[in-house]
Amino acid sequence: MDCLFCKIVAGTIPSPRVYEDEDCIAIADIHPQAPTHILVIPREHISSLAEATEEDRELLGHLLWVTSQIARDKNLKNGYRTVFNSGDDGGQTVDHLHIHLLGGRSLSWPPG
Ligand code: 5GP
Ligand code: ZN
C-alpha cells in the first residue's frame with residue numbers, strides 16, 4: 001500500500017522514534033507547529049478516525065494513553081493539545097490515523 005506512515009512504521013522510510021511498542025510508534029512531526037509536535041501512529045493501517053471500527057476501540061484508548069505518557073515524559077506541565085484531523089474538512093493530509101501532540105507554547109482556540 002502506498003502509505004507514507006505505513007512506510008515509516010515498516011522502516012522503509014527512516015524516521016527516529018521517540019517511542020514505540022507493539023501497537024504504535026511516535027515520531028517528531030517533520031513540520032513542527034509547536035516546540036513539541038509529536039505524531040502517535042498505530043502500526044495497523046486505519047485511514048482515519050472516521051474509518052475506525054469497534055474492533056479498534058482498545059487500540060484507540062491505547063494511543064491516547066501513550067500520548068499522555070509522552071506528554072508527561074516531555075514535561076509539558078503547562079498543558080498541551082491532542083488532535084485527530086479527520087478527512088478533508090478536518091484538514092487530514094496523511095490518510096493513516098494519527099494523533100498530534102502539540103505543546104511548549106500557548107495554542108489559540110478555535111482552530112482556523
Ligand atoms: P495531518 O495533516 O494528516 O493531520 O498530519 C500529517 C502530519 O504529518 C503533518 O503535520 C505533516 O507535517 C507530517 N508529515 C508529513 N510527512 C512527514 C514525514 O515524512 N515525516 C514526519 N515525521 N512527519 C511528516
Ligand atoms: Zn498506512
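Visitor: Which residue in S2 is the bridge partner of Arg17?

Guide: Happy to start there, with the note that this is a predicted model. S1 and S2 are joined by a hairpin through 3 residues, and they pair in the antiparallel sense over 3 bridges. Within S2, Arg17 has as its bridge partner Ile27.

Visitor: In what order do the 5 strands form the open sheet?

Guide: S2 also pairs with S3 in the antiparallel sense, over 5 bridges, with Ile25 and Ile41 as bridge partners. The pairing in the sheet is antiparallel, and the order of its 5 strands is S1-S2-S3-S5-S4.

Visitor: Which strands stand at the edges of that sheet?

Guide: Strands of a sheet pair through backbone hydrogen bonds, either parallel or antiparallel. Two strands here have a single partner strand each, so one side of each is left without a neighbour in the sheet. Those edge strands are S1 (17-20) and S4 (80-83).

Visitor: What angle does the direction of H2 make with that of S3?

Guide: Begin with the sheet itself: neighbouring strands are turned by 20 degrees against each other on average, direction ignored. Helix H2 (residues 57-73) packs on this sheet and touches S1, S2, S3, S4 and S5. Its direction and that of S3 make an angle of about 155 degrees.

Visitor: Which residue in S5 stands opposite His37?

Guide: S3 (residues 36-42) and S5 (residues 99-103) pair in the antiparallel sense over 5 bridges. Thr36 stands opposite Gly103. For His37, the residue opposite in S5 is Leu102.

Visitor: Which element gives the most residues to the largest nonpolar core?

Guide: That core has 15 residues, and those with the most contacts inside it are Ile38, Val40, Leu63, Ile70 and Leu101. The elements giving it two or more residues are S2, S3, H2 and S5. The most comes, with 6 residues, from H2.

Visitor: How many residues are in the second, separate core?

Guide: Let's pass through Ile70 on the way: leaving out residues up to four places away in sequence, Ile70 touches Tyr19, Ala26, Ile38, Val40 and Leu101. The second core is separate and includes Phe5, Ile8, Ile25 and Val94. Its number of residues is 9.

Visitor: What is the arrangement of the 4 donor atoms around the zinc ion (ligand 2)?

Guide: The zinc ion (ligand 2) is coordinated at 2.0 to 2.3 Å by Cys3 (SG), Cys6 (SG), His45 (ND1) and His96 (ND1). Along the chain these donors follow the spacing C-x2-C-x38-H-x50-H. For comparison, the ideal angle for four tetrahedral donors is 109.5 degrees. The donor atoms here subtend angles of 105 to 116 degrees, and therefore the arrangement is tetrahedral.

Visitor: Is Cys6 buried or partly exposed?

Guide: The cut-off that matters is 20% relative accessible area, under which a residue counts as buried. Cys3 has 6%, so Cys3 is buried. Cys6 has 21%, so Cys6 is partly exposed.

Visitor: How far apart in space are Pro35 and Gly104, C-alpha to C-alpha?

Guide: Pro35 lies in the loop between S2 and S3 and counts as exposed, at 63% relative accessibility. Setting aside neighbours within four places in sequence, Pro35 is in contact with Gly103, Gly104 and Arg105. Pro35 and Gly104 are 69 residues apart in sequence, while their C-alpha separation in space is 5.2 Å.

Visitor: Which residues are joined by a cis peptide bond?

Guide: Most residues other than glycine have a negative phi, and most peptide bonds are trans. Asn75, in the loop between H2 and S4, is not a glycine and yet has a positive phi of about 65 degrees. The segment after S5 holds Pro110. The cis bond has an omega of about 5 degrees and joins Trp109 and Pro110.

Notes. Residues numbered from 1 in each chain as written. Chains lettered and ligands numbered in written order. Predicted model: local features only at pLDDT ≥ 70, side-chain atom pairs only at ≥ 80, totals over all residues. Heavy atoms only, no water. Donors = N, O, S within 2.8 Å, 3.2 Å for Na, K, Ca; no water. Tetrahedral: all angles 85-135°; square planar, octahedral: opposite > 155°, others 65-115°. Buried < 20%, exposed > 50% of the residue type's maximum accessible area, 1.4 Å probe, protein only. Pairing = 2+ DSSP bridges. Helix = DSSP H or I, 4+ residues; strand = E, 2+ residues; numbered from the N terminus. Axes fitted to C-alpha atoms, helices over the stretch in contact; angles between N-to-C directions. Contact = heavy atoms within 4.5 Å. Core = buried A, V, L, I, M, F, W, Y, C linked by side-chain atoms within 4.5 Å.
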